[in-house]
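Here is a short briefing on a structure with its chains taken in turn. Look at the sequence and the model before reading the points below.

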Amino acid sequence: MKIKLIPNNEQDLSKVFIFLLPLVVLLSASINFLKDAFRSFSNVLPGNQVLNYGFLDKLSNQISFNFLFSFILVVTVVYLLSKSLGRSIIIFPLFFLTGLGLIGIEFIDVVLAFISPEQLLDLGNTSVLLLIKILLVGAFLGLILLNFLAKKEPSIFLSSQFLLGAVVFYLISLLIYRSEYTVMSDNFFINSMYLSTHIYVGCSFVFLSIFYFLITKGMQATLFSKTLGTISFWGYLFLLPWTGFKYFYGTTLPDWIENVSIYLSLSLIIPLLALIVNYSKTIATKENKEPVFSVLISFAFVVFGLTNVLQIISSISNVTPIVSLTNFEYSVRYGYMYSLILILIPFVYHLVPKIYGREFIYGRLETFNAYLLGTSVVATLSLNTLIGINSGFSWNAGANAGNPTIYGEGFLITWSLISTPYTFILFLSLLFLLSTFLFTLSTLKAIIGGSVTESETVSEISGDNDE
Amino acid sequence: MSELLAKVAEILGAPETLVQRSAEARAEASGNTVEEVLQSWAGGEAIAASAPAAETSVVEEAPVEEVVVEEAPVEEVKEEVVVEEAPVETMEKVIEEESVELKKESSLIFIAGVLGVAMFTYFFAFAIPKNQSADLVAESLNNEIAVSQEVLKGAQVYNDLNCQSCHTQNVRLLIPDSQNGKILKNKFADEVIIKNTGLLRLGPDLSTSATREPTNNEKWLTRYLTDSASVRDTIPHPNYDFLSTSDLDYLLTYLLSLGEVNE
């Protein structure tokens, strides 16, 4: 195995990234587990400035939604952009430096969190590095646009469309996060927009980019309809950024923006249906009969679909007031993130032979891990939904009965309803950590010890597309 | 092949040479053989969609043109010459359009579309309504609150400890908190105080914490914050025994002010 520290082209760069990717996922799962442990047992576990729920929650957001996300984004762009546009990346050295800079700045943010914890904001970014991050994402977007303009393929493939959308909204989300807080409603404006542009659009668009690549190229199937893919793209691009406001229903946000959010969230049914039809019709023509590979893609798709359904359910008029300001939003936030992590695993499995020239064998370990990952993620999302509905009902029922649990007097009742699901989530978090460890193990085993097979050349990366 | 070509030419009412050229162009675009294309035009099975999906719609467009061609003989004999030529032009045009559509899918238009949606979202979902809220507050009569430096320092400690990740200060359905009530009185509130409103209600809401038992009691609060299990072991709450004495004092001052500034 040869990994170049300074890569010459996208294949060399993909080699480095694919090697590091499982380790970053593992880091994210470890911090997430630690955070869940300190949420359920904070009064029993020994705590200090770092080991307490408040800090770990910020750190977990930083690692999952910023560091891991930017890492996946850069990896996906490096491999899929040239693949989709039919040409090798232009101005590659600059592209490499910008991508590396973006990942590096997110990593420095993680380190800075320990040195100067007060700099770390609620959703992860530190105020010190935010401006540099904006400049880097802007430069990265500029380079992607140049590659788009220099494309060789007659049409623009769906994978690259989604990648461009993700980077554009990543930049928008960072601009939003720098806004000033002048009145109370700004807290909800800024955070709901950051959530929906950075996590909802960002994670789901990178997911869809990899998804379309895997169901065509990975599954060796013919895309059923590009029109349906285009409907999904424009539908999600227009609707998703507006869907975050409804989780702050009844707050100081203006009524009209909450209502628009509700109606546009209901409209998510259109791109979702287009996606479902395209997926089911496309995989009907698949030639890759590897069951584990299909199962992993199916799980990722189910989680993504489920998250969209949760978005739609939470827009029903009787449900919205109950789920606002509760864990229900966490189901959606983590739903998009988990679907991205789930699709990443078959993506890495698919790329190992192509990038490293090592055969990837789907054994019992991979089969077991696929089901472990899928079930632990679906169960975690379901429990978060349950907690959201339970606590929401409890807050409302208590307030109506004259015993406002929101103030704390009756909080024991609420806690009795949600403490058990939280304990289960901690257990599932441990299972998720275990499965990410197994994923790392499978990948490293194949890279280091897999039997030699034919790898992809740079020209193949940039020229061969089945979408 | 030639029989098939003649048959198709007869059906379409077009010269054989033109049909041959059209079929070749279609075959190249769809990835099928010329014979398969001719068969589909002659009324056989539709061409299988082995080509990229973008081209599927192109194949489906053909019968529409055929209908136009079939309608031609209904016209009067004098105009027949013109009518016969019309479908020929149309067909050439259609084929040209098909190839244009494949070759010139513009990156520029696509990029402009994405950037347009992004800018629309930024302005209409964020910048404009955010400024409107700020203007509303600026125009209000009572938009100031007086907060001491100790309270502000306490608010900063509260924010650094990320208490807002579990506790809100945003009671719904109460008049002072709904819509403009609370924002009107906090126009010049500190950024940290605004952030402390919180986004997720896991633990109890603290907006009226200083007006209720036992959270209005300084001794109880101190004990709860430094050793929560000794007060209430059924509900997990982090212990902040690592805080410096001054930070703990600031935090207590802030917590004991809640309910007063927001009323």
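**Briefing on chains A and B**

Of the 263 residues in chain B, buried residues make up 32%. The model is a predicted one.

**Chain B**
- Chain B contains 12 helices and 0 strands.
- Along the sequence, the pattern of chain B reads α-α-α-α-α-α-α-α-α-α-α-α.
- Among contacts in chain B with a separation of 6 or more, 70% are between residues 24 or more positions apart.

**Chain A**
- Chain A has 15 helices and 0 strands.
- In chain A, 59% of the 467 residues count as buried.
- The C-alpha trace of chain A spans about 70 × 45 × 45 Å along its principal axes.
- A compact globule of 467 residues would have a radius of gyration near 23 Å, so the 22 Å of chain A agrees with that expectation.
- Among contacts in chain A with a separation of 6 or more, residues 24 or more positions apart account for 83%.

**Where the chains touch**
- Contacts between the chains involve 63 residues of chain B and 64 residues of chain A.
- On the side of chain B that touches chain A, the elements giving two or more residues are α4 (56–71), α5 (80–103), α6 (107–139), α8 (180–184), α9 (191–195) and α11 (228–231) of chain B.
- α6(B) provides the largest share of that side, with 17 residues.
- Sorted by class, the side of chain B that touches chain A holds 31 nonpolar, 19 polar and 13 charged residues.

Notes. Residues numbered from 1 in each chain as written. Chains lettered and ligands numbered in written order. Predicted model: local features only at pLDDT ≥ 70, side-chain atom pairs only at ≥ 80, totals over all residues. Contact = placed C-beta atoms within 7 Å. Helix = DSSP H or I, 4+ residues; strand = E, 2+ residues; numbered from the N terminus. Nonpolar A, V, L, I, M, F, W, Y, C, P; charged D, E, K, R; others polar. Buried ≥ 20, exposed ≤ 12 C-beta atoms within 10 Å, placed from the backbone. Rg over C-alpha atoms; globule rule 2.2 N^0.38 Å.
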